[in-house]
Amino acid sequence: MAKASRKPDWWSQAITIGRWLRRRAENISALLLLAMFVCFIIQIAARYVFNYPLGWTDEVSVLCWIWCTLWGAAFVLREKDEVRFDIIYSASSEKTRRIFTIITGIAAIALFGIALPAVFSYVTFLKVERSAYLGIRLDYLYSIYLIFSLAVIVRYAALTWRAIKGKPPEIELGSGSAL
């Protein structure tokens, strides 16, 4: 009888794999931050020590920042870590919070879903352009936005499904500053 109430073995394996993938996503974010920092230091040394500014370091820093931000938002950021304006939300009952979650989830899924074909079209259109210093195709560089959009749709689909099933999002109510 006790065995029937336990979650299946494949579920614990999926959770283990998910945690491992999350740590790898955090590692990639850390490497992007490191690359951005190294380029920043190289640019300072080149500009102020050798009086020879380098354009590629600015380009790499901006691209690392874009990738780090969208990669982190897609794969590293947890729901409870998101910054939110929650005065009304935290003052509401659990049922009302679930309704808010369902409404915002459906809105996010719809908006990102409607935009997805245009995002895909624009990113694939960028294959004709190359970055100024490194010469990398822009569709490769900005493909992270397509990945981010898909991740947002999946995340909000899961949040909406959980709210429909009766579970509010895992956040800490009133834990942050109102400003």
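1. Helices α2 and α3. The axes of α2 and α3 come within 9 Å and cross at roughly 160°, which makes α2 roughly antiparallel to α3. Axes here are lines fitted to C-alpha atoms, for helices over the stretch in contact, and angles run from 0 to 180 degrees between N-to-C directions. Angles under 35 degrees count as roughly parallel, over 145 as roughly antiparallel, 65 to 115 as roughly perpendicular and the rest as oblique. The α2 and α3 crossing is left-handed, a term for a near helix turned anticlockwise from the far one by less than a right angle (right-handed if clockwise). The residues of this contact divide into 18 nonpolar, five polar and four charged. In this classification Ala, Val, Leu, Ile, Met, Phe, Trp, Tyr, Cys and Pro are nonpolar, Asp, Glu, Lys and Arg are charged, and the others, Gly among them, are polar.

2. Basis of the model. This is a predicted model, in which local features need pLDDT of at least 70 and side-chain atom pairs count only at pLDDT 80 or more, while totals for chains, interfaces and linings use all residues. Residues are numbered from 1 along each chain as its sequence is written, and side-chain values use heavy atoms, with hydrogens and water left out.

3. Overall composition. The protein has seven helices and zero strands, in the order α-α-α-α-α-α-α along the sequence. Helices (H or I, at least four residues) and strands (E, at least two) are DSSP runs, numbered from the N terminus. Of the 179 residues, 28% are buried; buried means under 20% relative accessible area, exposed over 50%, and partly exposed in between (1.4 Å probe, protein chains only). The protein exposes about 12600 Å², and carbon and sulfur atoms supply 68% of that area. Accessible areas come from the Shrake-Rupley method with a 1.4 Å probe, and for residues only the protein chains shown count as cover. Among contacts with a separation of 6 or more, 71% are between residues 24 or more positions apart, where contact means heavy atoms within 4.5 Å.

4. N51 lies in the loop between α2 (9-49) and α3 (55-76). Although N51 is not a glycine, its phi is positive, at about 55°. The relative accessible area of N51 is 65%, so the residue is exposed.

5. Helices α3 and α7. These two helices pack at an angle of about 20°, with their axes 8 Å apart, and are therefore roughly parallel to each other. The crossing of α3 past α7 is left-handed. On the α3 side the contact involves I66, W67, L70, W71, A73, A74 and F75, which meet S143, I144, Y145, I147, F148, A151 and R155 in α7. By class, the residues of this contact are 12 nonpolar, one polar and one charged.

6. L63 in α3. L63 is placed in helix α3 and counts as buried because its relative accessibility is 11%. Not counting residues up to four places away in sequence, L63 touches L141 and Y142.

7. S131 is found in the loop between α5 and α6 (138-141). With a relative accessibility of 9%, S131 counts as buried. Its contacts, leaving aside neighbours within four places in sequence, are E59, I136, L138 and L141.

8. Helices α5 and α7. The axes of α5 (residues 94-125) and α7 (residues 143-164) come within 8 Å and cross at roughly 155°; the two helices are therefore roughly antiparallel to each other. In passing α7, α5 makes a left-handed crossing. The contact comprises 20 nonpolar, six polar and one charged residues.

9. S149 lies in helix α7 and is buried, with a relative accessible area of 2%. Leaving aside neighbours within four places in sequence, S149 is in contact with F112, L116 and V119. I106, in helix α5, is partly exposed, with a relative accessible area of 49%. The C-alpha atoms of I106 and A157 are separated by 7.7 Å, the two residues being 51 residues apart along the chain.
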